[in-house]
Amino acid sequence: AVASVVSLDVNPSIELKVNRSEKVLACAPLNEDAKAILADMSNGADLKGAKLDVAVNAIVGSLVRCGYLDSLSSAILISVEGDDQQSAAALQQRLSAEIDALLAGFGIEGAILSQTLAADDSIDTLAATYDISRGKAALIQELLAQNTTLRAEDLAGLTINALSLLLAEPQTDNISRTGTASDGSYIGTEAATTAALAHAGVSQADAQRLTVEMDVEDGRMVYEVEFYASDLEYEYDVDAVSGEIVKFSSEGRYNA
């Protein structure tokens, strides 16, 4: 009988069903990207009967070889659900430590997000609506709770690395995180600030109360740049990959 369900999300989503002895009863790809990860394992069938740690080792190795886990995208989400919440939490912690060690062996410093899932209709609805795993749906639900300006439809297509960068709180009641997600594939806050100031025609010296943070706009990662100058308040969304100005506005008057 299935004792626990373990899902691993990067952008590929893979689900493992295991018994009380932690032998894999079934391994399934949950999206198209996951099929490539499991292609050399007969779409997961070769992992049936293997010990969970052996299966996880094989999957993480394939994620690295296929380029889903590297220095530019280095976050993985581990979700564990089972009838015994205490056992599920213990398994969650152990898998987090094991995967952290595996990534270190590949020379990858990343973020390990982990959580224990329970029955929740809202998570089920979110997962079904956007055709994502329950684990990713739970992470998105946490992000929506932290930031009410975010929208589920914008988050559903993002990688776990991108979602990790949007987390306002690294540790929550529901999610544990070790390490830091990579922002190496993005232009960085300095370049985003330069692009916004240049578009506004404002010098760095004249910009007051400048703030920059990562956000998402219509499903793509952006830097939200805000500052004040010449009695005006400026707000910019700068594409985090290309540096393109996605959206901007200015209004006043602002009195410092």
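The protein exposes about 12,300 Å², and carbon and sulfur atoms supply 46% of this area. Accessible areas come from the Shrake-Rupley method with a 1.4 Å probe, and for residues only the protein chains shown count as cover. The model is predicted: local features need pLDDT of at least 70, side-chain atom pairs count only at pLDDT 80 or more, and totals for chains, interfaces and linings use all residues. Residues are numbered from 1 along each chain as its sequence is written, and side-chain values use heavy atoms, with hydrogens and water left out.

Of the 256 residues, 46% count as buried. Buried means under 20% relative accessible area, exposed means over 50%, and partly exposed lies in between (1.4 Å probe, protein chains only). Along the principal axes, the C-alpha atoms fill a box of roughly 70 × 35 × 25 Å. Among contacts with a separation of 6 or more, 51% join residues 24 or more positions apart. Contact here means heavy atoms within 4.5 Å.

The charge count is 16 positive and 40 negative side chains. The centres of the two sets lie 8 Å apart. Lys and Arg count as positive, Asp and Glu as negative; His and the chain ends are not counted. Each charge is placed at NZ of Lys, CZ of Arg, CG of Asp or CD of Glu.

The secondary structure comes to eight helices and ten strands. Both are DSSP runs numbered from the N terminus: helices are H or I with at least four residues, strands are E with at least two. Two strands pair if DSSP finds at least two bridges between them.

Six strands form an open sheet in the order β3-β2-β1-β4-β5-β6, with mixed pairing. Its edge strands, β3 (24-29) and β6 (175-178), each pair on one side only. Neighbouring strands of this sheet are turned by 15° against each other on average, direction ignored. Axes are lines fitted to C-alpha atoms, for helices over the stretch in contact; angles run from 0 to 180 degrees between N-to-C directions. Strands β1 and β4 (residues 75-82) run antiparallel and are joined by six bridges. Valine 6 stands opposite valine 80 in β4.

Two helices lie across β1, β4, β5 and β6 of this sheet. Helix α3 (residues 85-105) runs at about 165° to β5 (111-117). Helix α5 (residues 134-146) runs at about 100° to β5.

Valine 10 lies in the loop between β1 (4-9) and β2 (13-18). This residue is buried, with a relative accessible area of 3%. Beyond its neighbours within four places in sequence, valine 10 is in contact with Leu63, Tyr68, Leu69, Ala75, Ile76, Thr159 and Ile160. Valine 10 and aspartate 154 are 144 residues apart in sequence, and their C-alpha atoms are 17 Å apart in space.

A four-stranded open sheet has the order β7-β8-β9-β10 and antiparallel pairing. The edge strands β7 (208-217) and β10 (245-252) each pair on one side only. Here too, neighbouring strands are turned by 15° against each other on average, direction ignored. Helix α8 (residues 189-200) lies across β7, β8 (220-229), β9 and β10. The helix runs at about 55° to β8.

Strand β9 (residues 232-239) pairs with β10 over seven bridges, in the antiparallel sense. Tyrosine 234 stands opposite serine 250 in β10. Aspartate 237 stands opposite lysine 247 in β10. The hairpin of β9 and β10 has five residues between the strands, and glycine 243 in this hairpin takes a positive phi near 85°.
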